[in-house]
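Subject: Structure handover and findings

Hello,

Here is the structure for you to look at. My notes follow below it.

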Amino acid sequence: MLANYAFIGVFFVAALSFPVIPLLLAFLLRPKRPAPLKLSTYECGLEAIGDIRVQFKVQYYLYALAFVIFDVEVVFLYPWAVAFHKVGLYGFTAAAVFLAMLFAGLIYEWRKGALEWV
Amino acid sequence: MFQITDIPRILPEILLLVLALLVLGSDIFERWSYTAASRLERVRASAQLSTIGLGLIFLITLVQSGYLYTLPVDAPSNFLTNILRNLQAGGPGQGVITGSFATDDLTMIARLTLIGAAFLTSMLCLDYHPASNPAEFYALIIFSTIGMCLLAGATELVMIFLAVEMTSIPLYILAGYFGDKRSSEAGIKYFLFGAMSSAVMLYGMSLAYGFAANALGGNSTANDLTQLSKIAELAGEGNSLLTLSMVMLIAGIGYKIAVVPFHGWSPDVYEGAPTPVTAFISTASKAAGFLVLFRLLTVAFPSLSGSAVFGEDLGGWTSIMAFLALLTLIVGNLAALPQQNAKRMLAYSSIAQAGFVLLGLVAWASPQQFDRDQGTIALVYYLVVYTLTNIGAFGGLAIVGMAVGGDDVRDLNGLAQRNLPLAVLLAVSVLSLAGIPPLAGFFAKFYVFMVGWQSGAWWLVIIALITTIISLYYYLRLLRAMFIEAPVSMEPVHAPVGMMTAVGVSVLGVLVIGIFPNLVLGIINRVQMVAGL
């Protein structure tokens, strides 16, 4: 049973060397000629202004969440709409339940004030 | 296939879900104004709803389990007995729902423990509440409880993963809920470590699935390869791939139950999180983690159990458990010694307690089925006792922390003169953690030592005994602070009724189980191994 652990040891060594060796090889083999222009941040050819780590309003996050939920809803409903005649009443009920759950979520969001821009 | 008759078998989970949605809904359908008084009323409403609801669900689960009273087969048929009969039809029994959820005695006992822990936690939160969005706070506790209940009965890898996530994600939010610097740090730290451990666990699961598919020739269309019993069936003598999968699963769950060397997150998280939440994380989520680890190892990897002592069979999971227990006991108990913060000290103490629970798993090194069953019983018994005791200890600290404003050991100074009942309750909890007879902690430790010795890991038991004696030092330091040291001020410590009741209930439980251990052991004795063995 202990012999099985040799495999685990080999596995971990292999897993470690897999990323390390290419990085090391690249570091050793690549030509190094740094220049100020080369090291500068590339941003669509424009001069970079300020720091990227700025604070922004946390409410964007709520909007993104709400957007993702309704985006996924469309992704789910589209195949259902295409196959509407084939899935019949069962499919209709399932989609109705799905929509009802999302609707409950929307009501919760609305009552919690997540839809208001403060 | 899932059948309509399976619904009573998952009734506790369904009720918990309904309660969680009710708590959430109660917050949005009521018009709350923004004055301080109405905000307080809003917190109270959510807290009372969730506490009462959890209490009722606990009672329903207790009735359903049939541990107190089972309806005789020949009982007359009337309205009451019909309800009871239908309810108890979903009680503990063999058979696994759609291959993924077992509702045996182990699940039932776990449900009672976990729902009880959630009930005590929400009672602790009656007065120790967040300032904003109270309904979400309580609903998250309930959602997490659902995850734990599912975790305790999960017999399939996907189910285990989903239940782990359902347990953990609400806990990450709860740990950071109070939004101050320490609480946020705890939340983020818990989340990062938890995500990492989930990844490791998922890797292990994918390897187990790959092994099972390989054993069937690689091109099988079977869709039950993630079931634990199926993996055991295909395991045969086991090979290196399966061992690797097992090691990764142990590591992943090891993070959740905070055993050394996977314990790095727990002192910081326990210290930073709101104290009632700490009580919940350190008891319920740990108990659920141990139960899933137990089910995983004993159902999926029985062929790899090996032996805990040095010899031919070294390298099975009992050896790993013995090794982890050794590290956990030593590191947990020694690291607790120099702590100045009482919460952090109890955090290390609960790491050390996890080491004792692992001894119950080591019992599987014994070839006799009897010893293994004893190990299972000792494990479950220890978890029940530990859950009660630790909620009492952290609950007491929560009261002191709220009244005094700090949770260092010196904040406990002279507690006996400032609030004697609280000091006594806290002292009983701490003594039970230390394993002083006649409290429940003593018998739990004794039982675990006994099964450890039987399994042949006598060296581990001796070390466990020595570390128990070492642990007395830091437990007694808390007692010394409370009873001997002079108080900083003579102002009495105010203990809110709800919190005091929660601590009182858990201490009462510790006393009753300690003096009459057979009350609980009689129930735990029913835990038989799940199908597939």
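Helices α17(B) and α18(B) cross in a left-handed way. Left-handed here means that the near helix is turned anticlockwise from the far one by less than a right angle; clockwise would be right-handed. Helices (H or I, at least four residues) and strands (E, at least two) are DSSP runs, numbered from the N terminus.

A word on the source first. This is a predicted model: local features need pLDDT of at least 70, side-chain atom pairs count only at pLDDT 80 or more, and totals for chains, interfaces and linings use all residues. Residues are numbered from 1 along each chain as its sequence is written, while chains are lettered from A and ligands numbered from 1 in the order in which they are written.

**Helix α18 and its partners**

Back to the first pair. Helix α17 of chain B covers residues 440-454. The axes of α17(B) and α18(B) are 8 Å apart, and the packing angle is about 155°. Axes are lines fitted to C-alpha atoms, for helices over the stretch in contact, and angles run from 0 to 180 degrees between N-to-C directions. That angle makes the two helices, α17(B) and α18(B), roughly antiparallel. The cut-offs are: under 35 degrees roughly parallel, over 145 roughly antiparallel, 65 to 115 roughly perpendicular, and the rest oblique.

Which residues make the contact of α17(B) with α18(B)? From α17(B) they are B:Lys445, B:Phe449, B:Gly452 and B:Trp453. From α18(B) they are B:Trp458, B:Leu460, B:Val461, B:Ala464, B:Leu465 and B:Thr468. Contact means C-beta atoms, placed from the backbone, within 7 Å. By class, this contact has seven nonpolar, two polar and one charged residues. Ala, Val, Leu, Ile, Met, Phe, Trp, Tyr, Cys and Pro count as nonpolar; Asp, Glu, Lys and Arg count as charged; the others, Gly among them, count as polar.

α18(B) also packs with α13(B), residues 342-362. Their axes come within 11 Å and cross at roughly 160°. So α13(B) is roughly antiparallel to α18(B). This crossing of α13(B) and α18(B) is left-handed. On the α13(B) side are B:Ala342, B:Met345, B:Ala352, B:Phe356, B:Leu359 and B:Val362. They meet B:Leu460, B:Ala464, B:Thr467, B:Ser471, B:Tyr474 and B:Leu478 of α18(B). The contact of α13(B) with α18(B) has ten nonpolar residues, two polar and no charged.

B:Arg477 sits in α18 of chain B, residues 458-483. Is B:Arg477 buried or partly exposed? It is partly exposed, because 18 other C-beta atoms lie within 10 Å. The scale is: buried at 20 or more other C-beta atoms within 10 Å, exposed at 12 or fewer, partly exposed in between, with C-beta atoms placed from the backbone. B:Arg477 and B:Ala342 are 135 residues apart along the chain, yet their C-alpha atoms are separated by 9.8 Å.

**Domains of chain B**

Chain B has domain 1 (1-257) and domain 2 (305-533). These bounds come from an automatic or database domain assignment. The domain centres, taken over C-alpha atoms, are 23 Å apart. In chain B, 23 residues of domain 1 are in contact with 27 residues of domain 2. On the domain 1 side, α4 (105-124), α8 (228-235) and α9 each supply at least two residues. α4(B) gives the largest share, eight residues. That side of domain 1 has 15 nonpolar, five polar and three charged residues.

**Chain B against chain A**

Twelve residues of chain B contact ten residues of chain A. On the chain B side, α1 (11-29) and α9 (240-257) each supply at least two residues. α9(B) supplies the largest share, four residues. The chain B side divides into five nonpolar, six polar and one charged.

**Backbone points to check by eye**

- B:Val260 and B:Pro261 are joined by a cis peptide bond, omega about 5°. B:Pro261 is in the loop between α9 and α10 (266-272) of chain B.
- B:Ala258 lies in the loop between α9 and α10 of chain B. Its phi is positive, about 55°, although B:Ala258 is not a glycine. B:Ala258 counts as buried, with 27 C-beta neighbours inside 10 Å.
- The B:Pro437 to B:Pro438 peptide bond is cis, with omega near 5°. B:Pro438 lies in the loop between α16 (420-434) and α17 of chain B.

Best wishes

Methods
Two residues are in contact if their C-beta atoms, placed from the backbone, lie within 7 Å.
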